Amino acid sequence: MTEAAAAGMLPHFPVEVSAPDISAWTAGNTGVPGFTTLASGKPGPHVGITGLMHGNELAGAIVLEQLLRSKFVPRIGKLTVGFANLAAFARFDPAQPTASRFVDEDLNRLWDPVILNGLRRSSELDRARAMRPLIDQMDMLLDIHSMLWPSDPLILSGPTAKGRALGRLIGIPPLVIADHGHVSGPRLIDYARFTGPGPAAAVLVEAGQHWEQETVICARACLGALLRQIELEAGETPRSEIQIAEVTLAVTAATTGFAFVRNFRGGQVIPARNTLIALDGNTEIRTPHDDCMLVMPSLRPSRGHTAVRLARLL
Ligand SMILES: [Zn+2]
């Protein structure tokens, strides 16, 4: 069951922000609808910043629309700003805000060349295939997301050292989680261009709860940090005080009866190993080590979906 299908079982999440008007940017200037390239005319990296990978994650769309409207031009290289799932976003309804995460399937579980080169079609597969040639040109990518359940904002850096380095470079929010994605399919940040041997790197930010004002503030600060870091003169030092954690276990709900023993908040650290945190049917889920951080617990996970990631602080 999807987040949307489960909507009847969810608590009420207030929608404090409005969907932005992105109509000026849906044509774009790249040949890919929703994608606009801002070029400095000088050598430098091609940086991508995407939002709306999930159609109901408004914070990314809000800050990207503001960036485009401000007529920002990078000082070096090129910046491509993209609104990913336009079709799902077009269906956003504040009365049913969980229903427009995607049209047919999750756009952020399709980034496997075998899937992309295959014959199967869906609204999201068509979209991923349209985006792919642009993505294949990017040296660096920040994909802006938000979360349904209350959680401290964080950067997910995927499995690579270069992803972790990019997350540390951005540094806002100051928590970088190295992880291995979802069993249900690779995310854009897991795509071969960013996880293969080449230098291109990608991270995603989970800026806060989908529809809270604070999430927009965090997304804007994260985006600003990336843009500043790209343009820093050599020799300037990146920020410190960044917490790094590595996912040790991604817990996938194996039954429809998965339930946490408490309403945990993402970012919470459980001091002792072997602490019971959830029951998945009759199976006990316990912390595998001391100082175990709960990353993005989904308090009503559907079977086959990630319920929580457990991470060790580094
Ligand atoms: Zn998302």
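Student: How many residues does the largest nonpolar core have, and which of them have the most contacts inside it?

Tutor: In soluble globular proteins, nonpolar side chains tend to be buried together. A nonpolar core here is a set of buried Ala, Val, Leu, Ile, Met, Phe, Trp, Tyr and Cys residues joined through side-chain atoms within 4.5 Å, where buried means under 20% relative accessible area, exposed over 50% and partly exposed in between, with a 1.4 Å probe and protein chains only. This is a predicted model, in which local features need pLDDT of at least 70 and side-chain atom pairs count only at pLDDT 80 or more, while totals for chains, interfaces and linings use all residues. Residues are numbered from 1 along each chain as its sequence is written, and side-chain values use heavy atoms, with hydrogens and water left out. The largest core has 63 residues, and those with the most contacts inside it are Ile49, Phe83, Leu142, Ile170 and Leu226. Its largest share, 9 residues, comes from helix α7, residues 213-231 (helices are DSSP runs of H or I with at least four residues, strands runs of E with at least two, numbered from the N terminus).

Student: Why does this core lie between domain 1 and domain 2?

Tutor: Both domain 1 (5-231) and domain 2 (248-313) give residues to the core, so it lies between them; the domain bounds come from an automatic or database domain assignment.

Student: Which residues is Leu142 in contact with, leaving aside neighbours within four places in sequence?

Tutor: Contact means heavy atoms within 4.5 Å. On that basis the partners of Leu142 include Ile49, Ile170, Val203, Cys222 and Leu226.

Student: Where is Leu166 placed, and is this residue buried or exposed?

Tutor: Leu166 belongs to helix α5, residues 161-170, and is buried at 6% relative accessible area.

Student: How many aromatic pairs does a search of the whole structure find?

Tutor: Rings of Phe, Tyr and Trp (its six-membered ring) pair if their centres lie within 6.5 Å, planes under 30 degrees apart counting as stacked, over 60 as edge-to-face and the rest as tilted. The search finds 6 pairs, one of them the edge-to-face pair of Trp111 and Tyr191, at 5.6 Å centre to centre and 70° between the planes. Trp111 lies in the loop between α2 (86-89) and α3 (113-116) and Tyr191 in the loop between β6 (175-178) and α6 (192-195), so the pair ties together parts 80 residues apart in sequence.
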